[in-house]
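Visitor: I am new to this structure and would like to learn how to read it. Could you take me through some of its features?

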Amino acid sequence: MDNDQNVLFGIYCPPHPHPLLAPELNDGYKNLRNAYDNLRDKIQASGADIILIYSTTWPSIVGHQIQAHPEPEWTHVDDDFHYLGSMPYKFNIDTEFADAYRDAAESRGLHSRTVAYDGFPIDTGSVVALSLLNPDNNIPACIVSSNMYSNRSETMVLGKAARDALSNQGKKAVVVVVASLSNRMFTEHINPRDDKIHSPKDDEWNKKILEFFRDGRLEDLSQLSRDIHGQIRIQKVAAYKPVWWMAATMGQHNNYHGEVLAYEPLHGSGGAVIQLTPSNESIGDKEFDEDDVEYYHGDRNVLDRGNL
Amino acid sequence: MKKGQVVLGCLAPHPPHLVYAENPEQNEPFSEGGWETLRWGYNRLARKLKKVDYDVMVIFTPHWATYIGTHFLGLPKFSSLSVDPIFPNIFRYKYDLDVDVELAEEMHKAASEAGIITKMMTNPDFRIDYGTITSCHMLNPEWDKPIITISSNRNAHYYSGEVMNEQAKALGEACLKAIEKSGKKVVLVSSHSLSHRHFVTESPLPEDMSREHIYNHSQYVWDMKMIKMMRDGKMKEVIDIMPEYTEQTIAETEAGGLSWMMAAMGLPDYPAEIYGYQSVIGTGNAVVAWDPNSKTREIVL
């Protein structure tokens, strides 16, 4: 199978538990929930073999971890929003794909490993996405972590490895990226009815990003990632990585049909549910400054090498 | 009622490797040891704690990271399985612990009155973080005292290291008020490494000590500087340079634990007891204690 056909469509959605646990608290949460429900139906009708998730709320340190427990089961509670309730889950994981993804990542120079342990703490973002998008576990899933130290080249190569694995196995995937747009939350507890985007600046940037998504300009967003990180992302990690991974996994171009199903505040952060479907409606590709890396060679050890 | 007091403060790093290397019955994976310099230091501090008269251990952990205020455990008992999300291969620990909810609520109230955003955590399905479990296990493997876990509010991410430092100090002062009001004898635990840059690969045998060393020399030099100041009783100076130290070494002090604990102990000007320093997967870790009682204070190393 041509690997451009391996990704049926991509989804960008937020990690917060409100649409799952408390959609009734705010019309915006309800809108987000309706968007998830809409995409749930599209996924179920898509003929997908797998739902592949990249979650920004699963940080890793030792390389890139890939969930490989065939039926992970637990009751998850969010660190901040524990008062909204518990999230019991039992998922159906495609362990063959997990192994293939690990192998593909290693073939491209990445350190990667599968994890398959009873009670492993699957992160809030993955639990929310899988619970809402695939509630009956009809389609097997796989989840990959976001390494906290990785930057652009490593993340791009990780995305390319996902394409390799899909291509090698001949599987059709729905790709899900779990991430906020602006991720600055209010630092105090709020009445959900009063929820809004934290600042006009965050809101304006979010709307600009949504414009790009609507136009199918995923590669352009990937190239803008460092600007986005500096402008509207709190500095928890080195970079804003989800669009790098999404672009690399979906083919690094601007040929998508984009649909923003919902954009709402989630305790001040920007939560958007977006669908990107490969198409021929390109807005045009550009020449960009940064290298398109195929193989990850690790840190360059600039300090150790001096002038060599 | 007699005024409550802090009877000991402990800097207690929580790499799960230490529990793994100890092979307690609660942890499923089996190891051949490793990281003895830290573990033996911990073992000695645990023996000292056996001689300390205390009612409760209060622990501040980076691995319960909250962005909306500071949260406190608010149920009397938690029992479950803790699996480390980063190192699940070495840490799958069955825990069963008691919480001093009364004191937790007093701390929550005192912090709130001081203008700090707070929340009690009362969801019975909540899973205790591995930082709490590792530090508490290494300090008190019998788990025969109640604990209180305080989440780390990540002000460093939202604002700056300076704001984190100030808010953590305010929290420490508020907790001290609650402790004094309670009449209880309390051990404070600041659970974290010093320099905190990890290797991103792991050797096939995690406890292979031929592979263990600090991530780079600058981290080591900074860590030694901090330990010397602790040894010299210069904790006000340590807290003053905390934002710069944290930035330079990506230190786990970014969560605010040491600033919180030192503020609650009145910024000690007496020498700290140094029990050990060693790297774990490249990070710098020190086991250190502050004993306010000059009669029992020791020069350990």
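Predicted model: local features only at pLDDT ≥ 70, side-chain atom pairs only at ≥ 80, totals over all residues.

Visitor: How is the packing of two helices described?

Guide: Two packed helices are described by the angle between their axes and the distance between the axes. In chain A, α6(A) and α8(A) pack at about 160°, and their axes are 10 Å apart. An angle over 145 degrees counts as roughly antiparallel, and α6(A) and α8(A) are therefore roughly antiparallel to each other. Their crossing is left-handed.

Visitor: Which residues make the contact of α6(A) with α8(A)?

Guide: From α6(A) come Lys201(A), Asp202(A), Trp205(A), Asn206(A) and Ile209(A), and from α8(A) come Asp227(A), Ile228(A), Gln231(A) and Ile232(A). Sorted by class, the contact of α6(A) with α8(A) has four nonpolar, two polar and three charged residues.

Visitor: Which residues of α8(A) are buried?

Guide: Helix α8 of chain A covers residues 225-232, and its buried residues are Ser225(A), Ile228(A), His229(A) and Ile232(A). Looking down the axis of α8(A), the buried residues fall within an arc of 110°, so they line one face of the helix. What they pack against is α6 (200-214), α7 (218-223) and α9 (242-250) of chain A.

Visitor: At what angle do α5(A) and α9(A) cross?

Guide: Helix α5 of chain A, residues 152-169, crosses α9(A) at roughly 35°, and the two axes come within 7 Å. The crossing in which α5(A) passes α9(A) is right-handed. On the α5(A) side the contact is made by Arg152(A), Thr155(A), Met156(A), Leu158(A), Gly159(A), Lys160(A), Ala162(A) and Arg163(A). On the α9(A) side it is made by Trp244(A), Trp245(A), Ala248(A), Thr249(A) and Met250(A). In the contact of α5(A) with α9(A), seven residues are nonpolar, three polar and three charged.

Visitor: Which helices could I look at in chain B?

Guide: Take α7 (residues 217-231) and α9 (residues 242-249) of chain B, which pack at about 155° with axes 10 Å apart. That angle makes α7(B) roughly antiparallel to α9(B). α7(B) passes α9(B) in a left-handed crossing. Gln219(B), Trp222(B), Asp223(B) and Met226(B) of α7(B) meet Met242(B), Glu244(B), Tyr245(B), Gln248(B) and Thr249(B) of α9(B). This contact of α7(B) with α9(B) has four nonpolar, three polar and two charged residues.

Visitor: Is Thr249(B) buried or exposed?

Guide: Buried means under 20% relative accessible area. Thr249(B) has 0% relative accessibility, so Thr249(B) counts as buried. Leaving out residues up to four places away in sequence, Thr249(B) touches Ser195(B), His196(B), Arg197(B), Gln219(B) and Trp222(B).

Visitor: What should I look for in the backbone angle phi?

Guide: Most residues other than glycine have a negative phi. In chain B, Leu267(B) is not a glycine but has a positive phi of about 50°. Ile281(B) is not a glycine either, and has a positive phi of about 45°.

Visitor: Where do Leu267(B) and Ile281(B) lie?

Guide: Leu267(B) is in the loop between α10 (257-264) and β9 (273-280) of chain B. Ile281(B) is in the loop between β9 and β10 (283-290) of chain B. With 28% relative accessibility, Leu267(B) counts as partly exposed, while Ile281(B), at 9%, counts as buried.

Visitor: Which residues is Asn89(B) in contact with?

Guide: Setting aside its neighbours within four places in sequence, Asn89(B) is in contact with Arg113(A) and Tyr117(A) of chain A, and with Pro29(B), Glu202(B) and Pro206(B) of chain B. Asn89(B) is found in the loop between β4 (77-83) and β5 (92-98) of chain B.

Methods. Residues numbered from 1 in each chain as written. Chains lettered and ligands numbered in written order. Heavy atoms only, no water. Axes fitted to C-alpha atoms, helices over the stretch in contact; angles between N-to-C directions. Helix = DSSP H or I, 4+ residues; strand = E, 2+ residues; numbered from the N terminus. Parallel < 35°, antiparallel > 145°, perpendicular 65-115°, else oblique. Left-handed = near helix turned anticlockwise from the far one by under 90°. Contact = heavy atoms within 4.5 Å. Nonpolar A, V, L, I, M, F, W, Y, C, P; charged D, E, K, R; others polar. Buried < 20%, exposed > 50% of the residue type's maximum accessible area, 1.4 Å probe, protein only. Arc of directions from axis to C-beta.
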